[in-house]
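User: Hi! Could you walk me through this one while I have it open?
Analyst: Happy to, let's bring it up.

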Protein chains: 2
Amino acid sequence: MQDALRQFKADFFQALAHPTRIAIVEQLREGELSAGTIIERLGIEQANASQHLAILRAKNILVNRKAGNQVFYSVRDRRILEILDIMRQYFHAHMSEVLATLRAIDKADKVRR
Amino acid sequence: MQDALRQFKADFFQALAHPTRIAIVEQLREGELSAGTIIERLGIEQANASQHLAILRAKNILVNRKAGNQVFYSVRDRRILEILDIMRQYFHAHMSEVLATLRAIDKADKVRR
DNA sequence: ATGGTATATTCCAAATATCGAATATTTGCA
DNA sequence: TGCAAATATTCGATATTTGGAATATACCAT
């Protein structure tokens with residue numbers, strides 16, 4: 001049983017373990033948005049967005065509502081947003097590491113060019 | 001910059017996206033433990049434990065302290081435990097899915113046998 | 001019915017994560 | 001010094017994740 005709980009938690013974290021999926025959840029902080037709006041705001045590929053949305057749906061982090069042509073997504077449980085809030089405090093407290101991440105990304109960009 | 005923050009968050013979630021690593025952090029809830037104690041309590045391979053500990057160290061979720069022969073690990077920031085606490089509320093609220101995970105694991109076990 | 005718009009799914013290749021076995025490193029002690 | 005205990009690292013095989021291209025599906029309007 002303990003194992004199942006841990007697997008459940010691990011699955012949950014795995015679902016959020018991608019910058020695009022974090023970005024999607026953050027976009028939905030204020031309320032539901034259509035898939036198209038999310039794609040537009042994040043500037044990502046349609047297929048890619050749809051795959052990430054499927055993952056978030058499968059883990060029950062998002063729920064969706066069809067309205068005619070469109071599909072509107074929203075965060076199912078506000079505790080998920082609470083977790084992201086704590087995360088924000090957490091990395092404000094450890095800003096130096098965030099900056100290290102930033103520098104690493106910048107360096108990788110330079111290599112790529 | 002926004003991207004770096006998201007990458008940082010994603011890395012954090014990724015670090016916790018494994019049942020063994022969740023178990024390790026939970027073991028450390030009450031305070032530091034040696035690597036050997038963690039291995040003993042979880043009943044996992046030494047090499048495997050060491051790899052997971054390395055991941056948690058790399059993401060600064062754990063800190064370690066050498067004392068002679070042994071290495072003691074502890075959770076660096078109690079906000080990490082807060083996040084796990086919220087997770088507990090979260091899956092109590094969604095126990096039916098936890099049970100579904102449990103059943104899925106059970107089923108997989110049966111197939112394996 | 002036909003075409004257009006919105007979204008989802010499938011397929012494939014590259015990248016990454018995982019595990020156990022073997023090996024290496026560090027430290028304490030005879 | 002040399003051996004044993006504790007921990008870390010490397011390596012190779014396998015599994016999972018990821019993104020893009022192509023394709024499929026659902027719904028609406030004409």
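Predicted model: local features only at pLDDT ≥ 70, side-chain atom pairs only at ≥ 80, totals over all residues.

User: Thanks! Which elements each supply at least two residues of the surface near DNA strand D?
Analyst: From chain A there is helix 4 (46-58), and from chain B there are helix 3 (35-42), helix 4 (46-58) and strand 3 (70-75). Helix 4 of chain B gives the most, with six residues.

User: Switching topic: how many residues does the contact take from chain A and from chain B?
Analyst: It takes 35 residues from chain A and 35 residues from chain B. On the chain A side, helix 1 (2-15), helix 2 (19-27), helix 5 (78-93) and helix 6 (95-112) each supply at least two residues. Helix 1 gives the most there, with eleven residues. By class, that side of chain A has 21 nonpolar, seven polar and seven charged residues.

User: How are the two copies related?
Analyst: Chain A can be laid on chain B by a turn of 180 degrees and a shift of 0.0 Å along the axis, with an RMSD of 0.0 Å. The copies are thus related as by a two-fold rotation axis.

User: Which residue of chain A comes closest to the rotation axis?
Analyst: That's A:Phe13, at 2.5 Å (C-alpha).

Methods
Residues numbered from 1 in each chain as written. Chains lettered and ligands numbered in written order. Contact = placed C-beta atoms within 7 Å. Helix = DSSP H or I, 4+ residues; strand = E, 2+ residues; numbered from the N terminus. Nonpolar A, V, L, I, M, F, W, Y, C, P; charged D, E, K, R; others polar. Least-squares fit on C-alpha atoms with pLDDT ≥ 70 in both.
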